[in-house]
Amino acid sequence: MRLSFGRPRYRLATAAVVLAVAAVLGGSGWWLFSGRTVAGYALPDGAIPIGDRDVCANTVTIMLGTDAEMMAVARALRGDPRVMRAYTETKQDAYARFRKTYANQPELLELAEPDSASAMVTVVPKDQTATEGIAEQLRVQFPDARKVSDDTEFRSRITGPGYRDPTCPPSRERSP
């Protein structure tokens, strides 16, 4: 039995996969193998620009389909004892960051559509050693999320395993 997908659905699904993979792995791969920083991903000391801050802590990212879902998750995390801080990014902001990051790759930009970007909540856990466990708890708590990822491995590839930035303040963020 052969399944048939309409061309617009196939293109949207392909663009969603391309955006997710490119955003999470593409930037880190480029940085790791080219020896330089990719705009929008990581600073040389391992801090990651999120909004108007440079976050130098381990994080958990929750990718969502709509801005409304993102706001609901952010509200649910407000006051959560596991969470030091939660940053939000709308689908529009995520798409704009993607376009800026990959501005020199028009063939990739051509595949991406604004609606395929994910709204995101990036969580800075209070317990920086338990991010994998917190990510699993958040997967259970928010089963409708597109993806919940522990970003510790990505950060350790930038800075080296077990590295703790000695200049990272207790707030886990720096003003740029």
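1. Surface and burial. In this predicted model, the protein exposes about 10,100 Å², of which carbon and sulfur atoms supply 57%. The chain has 176 residues, and 41% of them count as buried.

2. Overall organisation. The secondary structure comprises six helices and seven strands. Along the sequence these elements follow the pattern α-β-β-β-α-β-α-α-β-α-β-α-β. Among the contacts with a separation of 6 or more, 75% are made by residues 24 or more positions apart.

3. The four-stranded sheet. Four strands form an open sheet in the order β4-β5-β3-β6, and their pairing is antiparallel. Strands β4 (83–89) and β6 (147–150) stand at the edges with a single partner strand each, so one side of each has no neighbour in the sheet. On average, neighbouring strands of this sheet are turned by 15° against each other, direction ignored.

4. The β3–β5 pairing. Strand β3 (residues 60–64) and strand β5 (residues 119–125) run antiparallel and are joined by five bridges. Within this pairing, Thr 61 stands opposite Thr 122 of β5.

5. Helices on the sheet. Two helices deserve attention here. Helix α3 (residues 91–101) lies across β4 and β5, and runs at about 75° to β4. Helix α5 (residues 131–141) lies across β3, β5 and β6, with an angle of about 170° to β6.

6. The largest nonpolar core. This core has 17 residues, and those with the most contacts inside it are Ile 62, Leu 77, Val 121, Val 123 and Leu 138. At least two residues each come from β3, α2 (67–77), β5 and α5. The greatest contribution is that of α2, which gives four residues. Which residues does Leu 138 contact, leaving aside its neighbours within four places in sequence? They are Val 60, Ile 62, Leu 77, Arg 82, Val 123 and Val 148.

7. The aromatic pair. A search of the whole structure finds one aromatic pair. Phe 98 and Tyr 102 are both buried.

8. Val 60. Leaving aside neighbours within four places in sequence, Val 60 is in contact with Val 121, Thr 122, Val 123, Pro 125, Thr 131, Ala 135, Leu 138, Val 148, Ser 149, Asp 150 and Asp 151. One of these residues, Ala 135, is 75 residues from Val 60 along the chain, yet their C-alpha atoms are separated by 6.1 Å.

How values were computed: Residues are numbered from 1 along each chain as its sequence is written. This is a predicted model: local features need pLDDT of at least 70, side-chain atom pairs count only at pLDDT 80 or more; totals for chains, interfaces and linings use all residues. Side-chain values use heavy atoms; hydrogens and water are left out. Rings of Phe, Tyr and Trp (its six-membered ring) pair if their centres lie within 6.5 Å; planes under 30 degrees apart count as stacked, over 60 as edge-to-face and the rest as tilted. Buried means under 20% relative accessible area, exposed over 50%, partly exposed in between (1.4 Å probe, protein chains only). Contact means heavy atoms within 4.5 Å. Accessible areas come from the Shrake-Rupley method with a 1.4 Å probe; for residues, only the protein chains shown count as cover. Two strands pair if DSSP finds at least two bridges between them. Axes are lines fitted to C-alpha atoms, for helices over the stretch in contact, and angles run from 0 to 180 degrees between N-to-C directions. A nonpolar core is a set of buried Ala, Val, Leu, Ile, Met, Phe, Trp, Tyr and Cys residues joined through side-chain atoms within 4.5 Å.
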